[in-house]
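Trainee: I would like to go through this chain and learn how the labels are decided. Please set each value against its cut-off.

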Amino acid sequence: MYRIDNKKFGEFVAQLRKEKNFTQKELAERLFISDKTVSKWERGLSIPDVSLLIPIADILGVTVTELLYGERLGSESRLGIEEVESLVTCSMDMSKQEKTVQRKHRLKWILVYIASVFAVALETVLLMLNGFTELEGLYLVEGLMLTFGGWFCLFAKETLPTYYDENKVHYISDGFFRIHMPGINFNNSNWPHILKAGRIWTLTTAVLWPLVEGLIRVFLGEEIWQVAQWIVVMMVSFSIFIPICVMGKKYE
């Protein structure tokens with residue numbers, strides 16, 4: 001069975017892109033993906049999902065068959081039934097490989113999330129054992145960060161439906177979960193970056209905040225902390241929107 005040569009595929013995409021005078025970023029924008037993804041294709045580090053083959057071929061002015069072969073085929077070239085079946089099977093394998101990669105990536109973040117929950121629980125117990133009381137603010141921060149972090153790591157889809165790419169959509173709706181951000185257009189160009197930044201931000205904040213709060217209360221004293229805690233807690237809680245805004249606008 002025919003096997004796609006990642007390097008040959010990438011070199012062919014780069015050649016066609018340059019012939020069209022597109023930069024990697026311009027090609028990525030037309031496909032609603034990141035320029036880093038295009039760069040990976042051209043370096044032979046990955047291949048696109050099967051759903052992108054037709055859009056890529058249309059934009060670069062070749063057939064899907066030529067794209068998969070990694071070269072232009074003359075008009076006299078005729079493929080046999082076995083070759084066509086081989087190409088179709090290969091393109092399906094590409095999709096399976098992509099899904100396998102996504103599953104492994106999701107599993108990694110699930111494990112990171114579980115480890116973060118255990119770390120937060122341990123830190124909270126240590127604070128209580130060291131005489132810290134009135135941890136309502138801490139519970140609020142941890143509850144929000146682990147809730148958002150849980151959704152980012154366990155439930156959020158790696159890719160958005162195509163209508164996000166075809167329209168200007170300012171919200172994410174996934175079951176009970178809602179994110180509404182006026183001014184941010186969610187699409188498959190910025191979503192992978194938002195997803196990664198959201199995971200890192202929420203879990204890092206969740207793990208570090210008990211330590212940070214403990215140090216603040218030690219150095220400022222309980223009286224000052226009781227006055228300022230809810231201002232600080234609300235600032236930390238709403239910080240979840242920082243990575244969404246930054247990555248959403250940067251890669252929009």
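Mentor: Start with the numbering: helices are DSSP runs of H or I with at least four residues, strands are E runs with at least two, and both are numbered from the N terminus. Keep in mind that this is a predicted model.

Trainee: How many helices and strands does the chain have, and in what pattern?

Mentor: The chain has 11 helices and two strands. Along the sequence the pattern reads α-α-α-α-α-α-α-α-β-β-α-α-α.

Trainee: Where is N21 found?

Mentor: N21 sits in the loop that joins α1 (6–19) to α2.

Trainee: Is N21 called buried or exposed, and how do you know?

Mentor: Exposed means over 50% relative accessible area. N21 has 65%, so N21 is exposed.

Trainee: What makes the phi of N21 worth a remark?

Mentor: Most residues other than glycine have a negative phi. N21 is not a glycine, yet its phi is positive, about 60°. E134 is another such case: a residue other than glycine, with a positive phi near 50°. E134 lies in the loop between α6 and α7.

Trainee: Which accessibility label does E134 get, and why?

Mentor: The label between buried, under 20%, and exposed, over 50%, is partly exposed. E134 has a relative accessible area of 44%, and is therefore partly exposed. For the chain as a whole, 42% of the 252 residues count as buried.

Trainee: How are α2 and α3 oriented to each other, and how do you know?

Mentor: Two packed helices are described by the angle between their axes and the distance between the axes. Helix α2 (residues 24–31) and helix α3 (residues 35–42) pack at about 110°, and their axes are 8 Å apart. Angles of 65 to 115 degrees count as roughly perpendicular, so α2 and α3 get that label. The residues in contact are Q24, K25, L27, A28 and L31 from α2, with D35, V38, S39, W41 and E42 from α3. By class, five of these residues are nonpolar, two polar and three charged.

Trainee: What makes the label of α9 and α11 what it is?

Mentor: Helix α11 (residues 241–250) packs with α9 at about 155°, with the axes 9 Å apart. An angle over 145 degrees counts as roughly antiparallel, which means that α9 is roughly antiparallel to α11. The crossing of α9 past α11 is right-handed. On the α9 side the contact uses H193, I194, A197, G198 and W201; on the α11 side it uses I242, P243, I244, M247 and G248. The classes here are seven nonpolar, three polar and no charged residues.

Trainee: What makes a set of residues a nonpolar core, and how many residues has the largest one?

Mentor: The members must be buried residues of the listed nonpolar types, joined through side-chain atoms within 4.5 Å. The largest nonpolar core has 35 residues, and W151, F152 and W191 are among those with the most contacts inside it. The elements that give two or more residues to this core are α6 (81–129), α7 (136–155), β2 (177–180), α9 (191–220) and α10 (222–238). The largest share, eight residues, comes from α7.

Trainee: Which residues does W191 touch, leaving aside its neighbours within four places in sequence?

Mentor: W191 is in contact with W151, A156, K157, E158, T159, L160, I172 and F186. A second, separate core has 21 residues, including F9 and L68.

Key. Residues numbered from 1 in each chain as written. Predicted model: local features only at pLDDT ≥ 70, side-chain atom pairs only at ≥ 80, totals over all residues. Heavy atoms only, no water. Axes fitted to C-alpha atoms, helices over the stretch in contact; angles between N-to-C directions. Parallel < 35°, antiparallel > 145°, perpendicular 65-115°, else oblique. Contact = heavy atoms within 4.5 Å. Nonpolar A, V, L, I, M, F, W, Y, C, P; charged D, E, K, R; others polar. Buried < 20%, exposed > 50% of the residue type's maximum accessible area, 1.4 Å probe, protein only. Left-handed = near helix turned anticlockwise from the far one by under 90°.
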